Amino acid sequence: MNILARLRVPLVLAVLLGGCAAPPPPPPEPKQELTVTPLSLRPLMPVAATRTTDALAQELVNHYLQGPHYRMSLPLVLAQQYQPLGAAPVSDPRRLMVLYRQGNNWGSLAVTAAQGSIMNAFRVQREGETAYALVFKRVRICLNAGADQPPRWQGGRWMFSQTRPGRFECSGQTRGSLFQLGSGLPGLLGPYVEAGDTVLYGRNWNELRTLATRLVQRFPHLDVPRIQ
């Protein structure tokens, strides 16, 4: 009897403790890895023959309107409130300035592709999203609206109004970004992007390929490396 009594107590304790134990936590969901894959832009995508300057400006504005993760207001302003007037005359083939107007208010879209500029493309896969990026070295895109007069080319550079220059949103800034906070852009491109680079990011690969072709048509010196 004593032996049975001694065995019964640990058995009862084991049953009680086993009934009070919490179930094991569920295993953590596997994190989806970020992958960035270089893509080839060559051969360049053929596009319909049209006025390259006007088409390029319109497609850049549309890209900023439709692309994910941008935090910009001027593309919508230029698209809905301003009338495009075409390119301003400039003697430097590395620069483009398309003018916009709304009554007494002026706007512009400027692209500068410096000598030695480079364009590369990448596929970005993360959290179930597949998107694409064009990354430019030595290229800057700048939108402006709300100026009281149009910019003019003087002394080898664009001169903006000193009385009311308006608002600017520009790529290629070493501080700040045209992308939303928390989007991870452009840093998620890792070693493929550096401070001062211009990044165009979207889900439509053909749209970005069309933009790439327009840019090369307008800036023939823009280098597009071949990806083997």
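I started with Pro75, which is buried at a relative accessible area of 1%. For the cut-offs, buried is under 20% relative accessible area, exposed is over 50%, and partly exposed is in between, with a 1.4 Å probe and protein chains only. A note on the source: this is a predicted model, where local features need pLDDT of at least 70, side-chain atom pairs count only at pLDDT 80 or more, and totals for chains, interfaces and linings use all residues. Residues are numbered from 1 along each chain as its sequence is written, and side-chain values use heavy atoms, with hydrogens and water left out.

**Entry 1: Pro75 and helix α3**

I placed Pro75 in helix α3, residues 74–81. Helices (H or I, at least four residues) and strands (E, at least two) are DSSP runs, numbered from the N terminus. Next I looked up what Pro75 touches, counting heavy atoms within 4.5 Å as a contact. Skipping neighbours within four places in sequence, I got Val61, Tyr64, Leu65, Leu143 and Glu169. Val61 is 14 residues from Pro75 in sequence, and the C-alpha atoms are 5.4 Å apart.

Which residues of α3 are buried? I found Leu74, Pro75, Val77 and Leu78. Seen down the axis of α3, they fall within an arc of 165°, so they line one face of the helix. That arc is taken from the directions from the helix axis to the C-beta atoms. The buried residues of α3 pack against α2, β3 (95–102), β4 (105–126), β5 and β8.

**Entry 2: strand β5**

I moved on to β5 and found 14 of its 19 residues buried, so the strand is largely enclosed by the rest of the structure. For pairing, DSSP has to find at least two bridges between two strands. β4 and β5 run antiparallel and are joined by 17 bridges; one partner pair I noted is Leu109 with Leu143 in β5. Their hairpin has two residues between the strands, and Glu127 there takes a positive phi near 45°.

β5 also runs antiparallel to β9, with five bridges joining them. Ala133 stands opposite Tyr201 in β9. With β8, the pairing of β5 is antiparallel over four bridges, and Asn144 has Phe168 in β8 as its bridge partner.

**Entry 3: nonpolar cores**

I then checked the cores, a nonpolar core being a set of buried Ala, Val, Leu, Ile, Met, Phe, Trp, Tyr and Cys residues joined through side-chain atoms within 4.5 Å. Which members of the largest one touch the most others? Out of 52 residues, the answer is Val111, Met119, Leu134, Leu189 and Leu200. Two or more residues each come from β1 (35–39), α2, α3, β3, β4, β5, β9 and α4. β5 gives the largest share, ten residues.

**Entry 4: salt bridges**

How many salt bridges does the structure hold? I got seven, taking a salt bridge as a side-chain nitrogen of Lys or Arg within 4 Å of a carboxyl oxygen of Asp or Glu. Arg214 and Glu59 form one of them, at 3.3 Å from N to O. Arg214 lies in helix α4 (residues 205–218) and Glu59 in helix α2 (residues 52–66), so the pair ties together parts that are 155 residues apart in sequence. Arg214 is buried, at 6% relative accessible area.

Glu194 pairs with Lys137, the closest N and O atoms being 3.4 Å apart. This pair also links distant parts of the chain, 57 residues apart: Glu194 is in the loop between β8 (167–170) and β9 (198–202), and Lys137 is in strand β5 (residues 129–147). Glu194 counts as exposed at 52%, while Lys137 is partly exposed at 21%. Elsewhere, salt bridges that share partners join Asp92, Arg94 and Arg95 into one network. Within it, the side chains of Asp92 and Arg95 meet at 3.5 Å, N to O. Asp92 is buried at 11%, and Arg95 is partly exposed at 22%.

**Entry 5: Ser183**

Last, I looked up Ser183, in the loop between β8 and β9. Ser183 is buried at 5% relative accessible area. Leaving out neighbours within four places in sequence, Ser183 is in contact with His69, Arg126 and Leu188. The Ser183 side chain also reaches the backbone nitrogen of Leu185 at 3.2 Å.

How values were computed: Polar contact = N/O pair within 3.5 Å; in protein donor to acceptor, adjacent residues only side chain to side chain.
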